[in-house]
Amino acid sequence: MSTNRIHQRFTLGAIERLKLRKQIETLFQQGEAFSVFPLRVVYKFTELAETEESPVRIGFSIPKKRIKKAVGRNKVRRVLKEAWRLNKHSLYGVIPEGTQLHGFLVYTGSEKLTFAEAETAVRKAISKLKIAIAKPKPIVDNTTSPPQNL
């Protein structure tokens, strides 16, 4: 499946979800974050591997501390996934070639989420991610090593 087909389809397949523990740990340790109530968005740009097909990998988290019952957490997760699935295409077009965005949407509200609220928050988060993509990134020169003290 080519990335062009992913851009046009309103799905959220396995290739678009962030599932590997190592990737998630790296994201939370080295990623940048911002808040759009009721979401906290953690993101990191990585190099796109040859085997990867999706320019964005996304994960969702609804803490047990915020919503106690599993039924409520599952409902919020479903609503967030649906809002992301319908609005992700505007972000896919601005991801630079050879780059992949890893992101995690963490729900910070304490009330159950309606679809309208979720869609508004996801749209705001996507617009902030677009701004982060457009922001020039500092060039890090890894060719020279710092002098070592002996």
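The exercises below concern a predicted model of one protein chain.

Residues are numbered from 1 along each chain as its sequence is written, and side-chain values use heavy atoms, with hydrogens and water left out. Because the model is predicted, local features need pLDDT of at least 70 and side-chain atom pairs count only at pLDDT 80 or more, while totals for chains, interfaces and linings use all residues.

**Exercise 1. Fold**

State how many helices and strands the protein chain has, and their pattern along the sequence.

Solution. Helices (H or I, at least four residues) and strands (E, at least two) are DSSP runs, numbered from the N terminus. The protein chain has 5 helices and 4 strands. Along the sequence they follow α-α-β-β-β-α-α-β-α.

**Exercise 2. Salt bridges**

Find the salt bridges and place their partners.

Solution. A salt bridge needs a side-chain nitrogen of Lys or Arg within 4 Å of a carboxyl oxygen of Asp or Glu. The count is 3.

- Step 1. Lys-88 and Glu-16 meet at 2.5 Å, N to O. This pair links distant parts of the chain, 72 residues apart: Lys-88 is in the loop between α3 and α4 (89–92), Glu-16 in the loop between α1 and α2. Buried means under 20% relative accessible area, exposed over 50%, and partly exposed in between (1.4 Å probe, protein chains only). Lys-88 is buried, at 0%, and Glu-16 is buried, at 2%.
- Step 2. Glu-82 pairs with Arg-85, the closest N and O atoms being 2.7 Å apart. Because they are 3 residues apart in helix α3, about one helical turn separates them. Glu-82 is partly exposed, at 31%.
- Step 3. Arg-123 and Glu-119 meet at 3.3 Å, N to O. Both lie in helix α5 (residues 115–134), 4 residues apart, about one turn of the helix. Glu-119 counts as buried, at 17% relative accessibility.

**Exercise 3. Aromatic rings**

Classify the ring pair of Tyr-43 and Phe-45 and name the cluster that ring pairs make.

Solution. Rings of Phe, Tyr and Trp (its six-membered ring) pair if their centres lie within 6.5 Å; planes under 30 degrees apart count as stacked, over 60 as edge-to-face and the rest as tilted. By this rule there are 3 aromatic pairs. For Tyr-43 and Phe-45 the centres are 5.9 Å apart and the planes stand at 75 degrees, so the pair is edge-to-face. Tyr-43 is buried, at 6% relative accessible area, whereas Phe-45 is partly exposed, at 22%. Ring pairs link Phe-34, Tyr-43 and Phe-45 into a cluster.
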